[in-house]
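Colleague: I would like to learn how to read helices, strands and backbone angles in a model of this kind. Could we go through a few features in turn?

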Amino acid sequence: MTAFNDPIFHDEDKARAHLETIRWPHGPNCPHCGNIDPDKIAKVEGKKQTHRKGLYYCNECKGTFTVTVGTVMERSKVPLAKWVYAFHLYASSKKGMSAHQLHRMLGVTYKTAWFMAHRIREAMKEDVASSGPLGGEGKTVEADETYIGKRETPRVSAQRKGRPYIKKGKSGGAQKRIVVGLVERGGKARMFHLNDATKDTVREVLVRNADRASTLYTDESRLYTETGTEYAGHRTVKHSAKEYARREGDAVVHSNTIEGVFSIFKRGMIGIYQHCGEAHLHRYLAEFDFRYNRRAALKVSDRERTDDLIRGTAGKRLTYNQTDKTAYA
Ligand SMILES: [Zn+2]
């Protein structure tokens, strides 16, 4: 049986049951009050079928809910079987999928597909508070920054009295979007969209996301010099001197891992997401992090990745009006 033949992609009741099994392995949880006591939650069932399907009643807060309440699917008119199929497609495709392709595959309008894709990316966002920082004692975290695409709003320079940065008549890296990335060797990556790369903004990202007991590997950029002293160790490679890797005792100092993460992201953005608005960049970054952090090399199957994505839909909402707000780290 190919994945597409699975009834969860075609049958509403089976799709709903599937979502419930993944989201509530021990029985329904009330999204309103957090009640998880199965004796205090009842399925609303009536012969007349006047109620919504999959409705539950919570005896604790007297509220009702379904499996989509409090998730990115809430209030969506898209059938659950199509949502489940879309989760499968996004979690199992290696490079992501455009809204155009989703629109064709699901048979929903382009606008619906576009909005679904953004809600799926929102669900892919890592809950940094619960997963904790990268690295730790004896571990290596590589950090680097990269510049992609043109900024929609030119960055203004304080020195130039509010006029944009101009270098010899043309704007260079200063007018591109800035992404800072961290990766634990052999582990997970996190990328962030920054409005401005200064030692302070970069420090914020570093100390929030990389355990200070780690050894930090960066290039020689001054963005990392001061913050590097807060880490158990800080080693740098001199890219300006064409040095890309250096052996120091048992360690090989390089930042090839984070550069690899950036290159997967850039290739994906060129091939599929040509017209990514600045406001959406943080969600595309979340999508690539999600996929990288569950890559096949870490022995994560398509099925596990899809289940993770379904669990990630909880506690996240994205309304249509919120989609055009830029989110910087
Ligand atoms: Zn409740």
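This is a predicted model: local features need pLDDT of at least 70, side-chain atom pairs count only at pLDDT 80 or more; totals for chains, interfaces and linings use all residues.

Colleague: Let us begin with the helix α1: how many residues has it, and what span does it reach?

Modeller: Helix α1 covers residues 12–23, which makes 12 residues, and from its first C-alpha to its last it reaches 16 Å, close to the 16 Å expected at 1.5 Å a residue.

Colleague: Which residues of α1 are buried, and why do they line one face of the helix?

Modeller: The general idea is that an α-helix has 3.6 residues a turn, so residues three or four places apart point the same way. In this case the buried residues of α1 are Ala15, Arg16, His18 and Leu19. Seen down the axis of α1, these buried residues fall within an arc of 160°, so they line one face of the helix. What they pack against is α2 (80–92) together with α10 (302–312).

Colleague: Turning to the strands, what is the order in the open sheet of 3 strands?

Modeller: In general, the strands of a sheet pair through backbone hydrogen bonds, either parallel or antiparallel. Here the order is β1-β2-β3, and the pairing is antiparallel. Strands β1 (41–43) and β3 (64–65) stand at the edges with a single partner strand each, so one side of each is left without a neighbour in the sheet. Between β1 and β2 (residues 56–58) there are 3 bridges, and Ile41 stands opposite Cys58 in β2.

Colleague: How many residues of strand β6 are buried, and which strand is joined to β6 by 6 bridges?

Modeller: In β6 (residues 189–194), 5 of the 6 residues are buried, so this strand is largely enclosed by the rest of the structure. The strand joined to β6 by 6 bridges is β5 (residues 176–184), and the two run antiparallel; Val179 has His193 in β6 as its bridge partner. The hairpin of β5 and β6 has 4 residues between the strands, and Gly186 in that hairpin takes a positive phi near 80°.

Colleague: Where is Lys62 found, and is Lys62 buried or exposed?

Modeller: Lys62 is found in the loop between β2 and β3, and with 9 other C-beta atoms within 10 Å it is exposed. Its phi is near 65°, a positive value in a residue other than glycine.

Colleague: What is the phi of Arg75, and where is Arg75 found?

Modeller: Arg75 has a positive phi of about 65°, although it is not a glycine, and it is found in the loop between β3 and α2. With 8 C-beta neighbours inside 10 Å, Arg75 counts as exposed.

Key. Residues are numbered from 1 along each chain as its sequence is written. The expected span of a helix is 1.5 Å times one less than its number of residues. A residue is buried if 20 or more other C-beta atoms lie within 10 Å of its own, exposed if 12 or fewer, and partly exposed in between; C-beta atoms are placed from the backbone. The arc is that of the directions from the helix axis to the C-beta atoms. Two residues are in contact if their C-beta atoms, placed from the backbone, lie within 7 Å. Two strands pair if DSSP finds at least two bridges between them.
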